[in-house]
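This report covers helices, aromatic contacts and pockets, in that order. Keep the structure open while reading.

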Amino acid sequence: MSFKISIISLIYRSTKYADAVYDSVLENTPKIKTGEARFFFVANDPEPHLIEHLERKKYPFILNINERKEIRHLFESGIGTPEYINRVYRGWNRAIKESDSEIVVLINSDNMLSPNWLENLLKNLNKNTFVCSEIVERPNHPKFAPFPGCLVGDFGDHPDNFKKEEFLKFVEAHQKVKNQKIKIGGAYMPCAFYREKAVEVGLYPEGNLHDGNDFMSIKEYGDENFVKKLSRNGVRHITSLDSISYHFKEGEMLE
């Protein structure tokens, strides 16, 4: 069966994040029920118990096992720290290659969605746009400040304590007062784009890019580089301000 839209998330160890993002997608994405869109996981270097869970729950997924490259080999190909990000971006590239849909939508496993999130991405999408959701991040994350320019709100740090109703009220209130519909730039995921445009620019780089001197000295993050390559090819990075997603941030890693 051919789908116009493929929605894809990486997952590697957390059964709770797998359940939470799967449920959030199905609840908030009517186009899956109409057959216009499909969702699947890329199980990216997964732990065995996760594969058992995905199979038991009958979640659609593809298995992606990456070769672990030595740091010197990564450095020689322009890739910098951390090593695992090399495997993450290879997972995203596998997702795009496997999508076989006109439109690709990538989401993190720790994104919780809201009503009309996809419709509000698609209304601003064309072959000359790379469209991302407005994200909400908490101010008290143990490692990172909120992404610059994102919305700030604390609706939990794990699916077990996600304050769903409070988040949805926040979304509704924000949408009512927001006159501006898009902004230039923004966060990088959830994102929607035309598959052919990603293929034209060679997909994501296979990791963060170092500055030429040291593996630990990062010149450009992989998602930044991907967006710049798209921009050079005439594709603008924008944010749909009424497509809103909560981001736990490093969800599986911190669980």
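Helix H5 spans residues 83-99, 17 residues in total. From its first C-alpha to its last it reaches 25 Å, close to the 24 Å expected at 1.5 Å a residue. The model is predicted. Of the 17 residues of H5, 12 are buried, so the helix is largely enclosed by the rest of the structure. The buried set includes the charged residues Glu-83, Arg-87 and Arg-90. Tyr-89, Trp-92, Ala-95 and Ile-96 are also among the buried residues of H5. After the helix comes Asp-100, with a positive phi near 45°.

Helix H1 covers residues 15-28 and has 14 residues. Its first and last C-alpha atoms are 20 Å apart, close to the 20 Å expected at 1.5 Å a residue. Ser-14 caps the N-terminal end of H1. There, a side-chain oxygen of Ser-14 lies 3.4 Å from the backbone nitrogen of Lys-16. Buried residues in H1 include Tyr-17, Ala-20, Ser-24 and Asn-28.

The structure holds 19 aromatic pairs. One of them joins Phe-147 and Tyr-188 edge-to-face, at 6.1 Å centre to centre with 85° between the planes. Phe-147 sits in the loop between strands S6 (129-137) and S7 (151-152), and Tyr-188 in the loop between strands S8 (182-184) and S9 (191-194), so this pair ties together parts that are 41 residues apart in sequence. Phe-147 has 25% relative accessibility, so it counts as partly exposed.

Phe-167 and Tyr-246 form a tilted pair, 5.8 Å centre to centre and 55° between the planes. Phe-167 belongs to helix H7 (residues 164-177) and Tyr-246 to strand S12 (residues 236-247), so the pair ties together parts that are 79 residues apart in sequence. Both Phe-167 and Tyr-246 are buried. They also belong to one aromatic cluster, together with Tyr-17, Phe-155, Phe-162, Phe-170 and Phe-248. Through Tyr-17, this cluster includes a residue of H1.

**Pockets**

| Pocket | Volume |
|---|---|
| Largest pocket | about 1,400 Å³ |
| Second largest pocket | about 170 Å³ |

The largest pocket is lined by 40 residues. Tyr-84, Ile-85, Asn-108, Asp-223 and Glu-250 lie nearest its centre. Ile-85 is also one of the buried residues of H5. Which element gives the largest share of the lining of the largest pocket? H5 does, with 6 residues. Strand S1 (5-11), S6, helix H9 (222-232) and helix H10 (251-254) are among the elements that each supply at least two lining residues. By class, this lining divides into 22 nonpolar, 7 polar and 11 charged residues.

The second largest pocket has Ala-20, Asp-23, Ser-24, Glu-27 and Asn-28 in its lining. Phe-162, Lys-164, Phe-167 and Leu-168 line it too, as do Met-112, Leu-113 and Pro-159. H1 and H7 are the elements that give two or more residues to this lining. H1 provides the largest share, 5 residues. The lining of the second largest pocket has 7 nonpolar, 2 polar and 3 charged residues.

Phe-167 lines the second largest pocket and pairs with Tyr-246. Phe-162 lines that pocket and belongs to the aromatic cluster. Ala-20, Ser-24 and Asn-28 are buried in H1 and line the second largest pocket as well.

Conventions
Residues are numbered from 1 along each chain as its sequence is written. This is a predicted model: local features need pLDDT of at least 70, side-chain atom pairs count only at pLDDT 80 or more; totals for chains, interfaces and linings use all residues. Side-chain values use heavy atoms; hydrogens and water are left out. Helices (H or I, at least four residues) and strands (E, at least two) are DSSP runs, numbered from the N terminus. The expected span of a helix is 1.5 Å times one less than its number of residues. Buried means under 20% relative accessible area, exposed over 50%, partly exposed in between (1.4 Å probe, protein chains only). A polar contact is a pair of N or O atoms within 3.5 Å; within protein, one must be able to donate a hydrogen and the other to accept it, and residues adjacent in sequence count only if both atoms are side-chain atoms. Rings of Phe, Tyr and Trp (its six-membered ring) pair if their centres lie within 6.5 Å; planes under 30 degrees apart count as stacked, over 60 as edge-to-face and the rest as tilted. On a 1 Å grid over the protein atoms alone, a cavity is a set of points where a 1.4 Å probe fits but cannot get out, and a pocket is an open set with protein on both sides within 12 Å along at least five of seven lines; lining residues have an atom within 4 Å of a point. Grid points are joined across faces, edges and corners, and a volume is the space filled by probe spheres set on the points.
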